[in-house]
Amino acid sequence: MYLKDCPIGAEVCLLSSDFDEPTCFRLRELGLSSGVCARIVQRAPFGGRVLSIAGQRIAIDGGTARRFAVELTGIAAPVAATSMAVAPQRAAELTA
Amino acid sequence: MDRGPARIALLGNPNVGKSTLFNALTGAHQHTVNAPGTTVHWEVGRWRLPAAHGTRQEVDLVDLPGTQSLLAASPDEQVTQDALVGAGAHGAPPDLTIVVADATALSRSLYLLAQAAETGTPAIVALTMNDVARGRGITVDVARLSERLGVPVVEVDPRMRIGLGELASTVHRALHDRPYLHTGLEHVLAGVSVTADSPADGGIPDASRALTDQIQVHADDHFEWVAGIERDLVSHSGHRETWSDRIDRILLNPWFGIPVFLGVMWMLFQLTTTIAGPIQDLIDAVVSGWFGSVITSFLGLFDLDTGWLNGFLVNGVVAGLATVATFIPPMGLMFLALSMLEDSGYMARAGFVADRVMRLMGLDGRAFLPLVIGFGCNLPALAATRTLPNSRQRLLTGLLVPLSSCTARLTVYVVMATIFFPHNAGTAIFAMYVTSVTLIILAGLVLRRTVFRDLKPEPFVLNLPAYQRPRIKPMAMSVLMRLRDFVVRAGRVIMATLIVMWALIAIPINGGKFGDVPVEDSLYGATAHAVAPVFAPAGFDDWHASAALATGFVAKEVVVGALAQSYAVDEPVADNQPGLLADRLHETFDRTSGGHPGAAAAAFMLFVLAYTPCAATVAEQRRHFGWRPAIAAVGVSLVGAWVLAVAVFQIGSLL
């Protein structure tokens, strides 16, 4: 699945993107490289997403989110809660 | 040999609080300079450090453009890289670099720091955003970080002025101790001349190329080193929802985000028009009216109140002062609003929300803001281009801003539309705004495919700062600094232009006294006569029209007045009651257009929309981008406006 498909609360690991090498390198410099785990904290207009990575809030435009393949590792409990509880069934549904 | 004050560079990623720290350390003792050979700006300020026996040591602090990496991907990042290695015209590397690191995004800061270590200049670290990091459950072991890096690490909060004294003492010691960052990977630029560069590769100096090569070779090592430090010294307590996250649920919401953004833009527009307008009128009345009459009365004591000296002082110098002074309210309000948006953290979100639209022109989402503000007044809009992170994007936006139809142009549309399209005046005026937006998009697309081909769409990836309450004192200081810079730098050009305009009107051509000549008989009038035939294909080959357009080059607000003056009729009391002026204009346009006055009026309105907005805009473009782009913009806009006017008249006259 792609980052653009992830709902708020989804916990994902970045797998790959189809950008050219210099862009991939710049994304890596910005903290977005394969293996990095993130949590979706906001959905934004035009398919944008805000990720929480090690406490940082990183905004990504919809076009970029469409090109990032991710692996869904879990779905956290609803927004207002602060727990890291995961809904495995929901995660399995989305992954499928 | 005395080298003067030590030079200290502030280096950091965008949005880490670097400029806030710079303002807190230097206060009012700062000025903007152009990086050598570029349109990239940086700030230089004088900072007084505590020295021995209660004395003070003065140093020059340089606020370098924020950069994600020392592998430069934009002119701004290249300037930062060049400055750090002392490449090209920079002369020498800084005596000390303060790496401003963000505790909430430590990995990105550490990565930049690892690259900075390769420059081999002494450095210390200022750690910002510590309170926000704690709020997000991030803990940094500062003492061990300092130990691992081999340089002092000072926690600071420039907004609250916390830790600034300790930073000053640390810098003072570091200037003597010269601490070097220790990453275990650094390879000092041995053998590379950093002062005698000859640009060899696309203008990039040798020292910068050497640094780039070195960093590229060690890139993987840098990433590993950062990961190691983060693993050992930074702890995260898992995801915590913060106040900023909650606010973002509304401000970045797919449904509410855009209306909120448009609301903020609308408020900015109101600030520069509805709120600034009455203050501008008052200032104009005081400076042009009252102060001008005081000067005339004073000269009257010596029987000089009717001569050229009075004209020069009142219509040249005082008019110039009044023009500069009347721009202070909208500029001040705009600077204040920009400071609030930046300081609060919303500016980054605004760029995110508008990104999709501006991406069509290869621009960052933040470019939307100056283009909207331009519909109020182009001057603060040009000032707002500085919020863009890339100098090429700033330049492109700065060239598009004059196509935003400012309120001064509205006065011309209203009079012309009322006279020539009395039953569809509203529609005609609305069409001008639609045309303005269309021109911005078309010009943006054309420029992007020609002189701005290098502006390729890049992924929008931005570290969102936490929302914070703007601090009044630093904000007021920042507004005053920017206003001072505007008045001093743009004010000179505005004054000079207005004095030249006065001189042209004062010089008689067909006899008469200098400074006391009818407009038609002045050098200005003669020039208008000479220029008028150029507008024959556009349907308004008449000196009254060309003289008004020439006056409009100084300010669009005076076009209607200049038309009235040239016909020797009273200026309309209200824009929609043109009276005698209507009759004269109708007669003129009827004659010059061969019976198609409507088409000629539309062409005239379009010319007013598309040609140079005012002398102050040119001055502000020069201030931001230099003379060449400013002059090129004037030339292109005159030619473009003429082509559009001719096309509209020629097509319109066939209908």
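This is a predicted model: local features need pLDDT of at least 70, side-chain atom pairs count only at pLDDT 80 or more; totals for chains, interfaces and linings use all residues.
Chain A is built from 3 helices and 5 strands. Followed along the sequence, these elements come in the order β-α-β-β-β-α-β-α. The chain has 96 residues, and 49% of them count as buried. Among its contacts between residues at least 6 apart in sequence, 58% join residues at least 24 apart.

A:Asp18 is exposed, with a relative accessible area of 52%, whereas A:Arg67 is partly exposed at 34%.

The contact between the chains takes 35 residues from chain A and 39 residues from chain B. The area buried between them is about 3200 Å², and carbon and sulfur atoms give 59% of this area. On the side of chain A, A:Glu29, A:Phe46 and A:Arg57 supply 21% of the area buried against chain B, more than any other three residues. There are also 4 salt bridges between chain A and chain B. In a salt bridge between A:Arg28 and B:Asp220, the closest N and O atoms are 2.9 Å apart.

Because 12 of its 14 residues are buried, H24(B) is largely enclosed by the rest of the structure. The buried residues include B:Pro597, B:Phe604, B:Met605 and B:Phe607. Among the elements that cover them are helix H17 (407-420), helix H18 (425-449) and helix H26 (627-652) of chain B.

In soluble globular proteins, nonpolar side chains tend to be buried together. The largest nonpolar core here has 94 residues, and B:Met416, B:Leu585, B:Phe589 and B:Phe604 are among those that touch the most other members. H24(B) gives the most to this core, with 11 residues. Beyond its neighbours within four places in sequence, B:Met416 is in contact with residues including B:Ala601, B:Phe604 and B:Met605. A second, separate core of 48 residues includes B:Leu70, B:Val79, B:Val99 and B:Leu127.

Charged pairs are found in chain B as well. B:Lys18 and B:Asp63 form a salt bridge whose closest N and O atoms are 2.7 Å apart. This pair links helix H1 of chain B, which holds B:Lys18, to strand S4 (residues 56-63) of chain B, which holds B:Asp63, across 45 residues. Both partners are buried, B:Asp63 with a relative accessible area of 6% and B:Lys18 with one of 7%.

Another salt bridge joins B:Glu58 and B:Arg48 at 3.6 Å from N to O. B:Glu58 lies in strand S4 and B:Arg48 in strand S3 (residues 41-50) of chain B, so the pair ties together parts that are 10 residues apart in sequence. B:Glu58 is partly exposed at 36%, and B:Arg48 is partly exposed at 48%. Salt bridges with shared partners join B:Arg46, B:Arg48, B:Glu58 and B:Asp60 into one network.

Note on methods:
Residues are numbered from 1 along each chain as its sequence is written. Chains are lettered from A and ligands numbered from 1 in the order in which they are written. Side-chain values use heavy atoms; hydrogens and water are left out. Helices (H or I, at least four residues) and strands (E, at least two) are DSSP runs, numbered from the N terminus. Buried means under 20% relative accessible area, exposed over 50%, partly exposed in between (1.4 Å probe, protein chains only). Contact means heavy atoms within 4.5 Å. A nonpolar core is a set of buried Ala, Val, Leu, Ile, Met, Phe, Trp, Tyr and Cys residues joined through side-chain atoms within 4.5 Å. Buried area is the accessible area (1.4 Å probe) that two parts lose on being put together, summed over both. A salt bridge is a side-chain nitrogen of Lys or Arg within 4 Å of a carboxyl oxygen of Asp or Glu.
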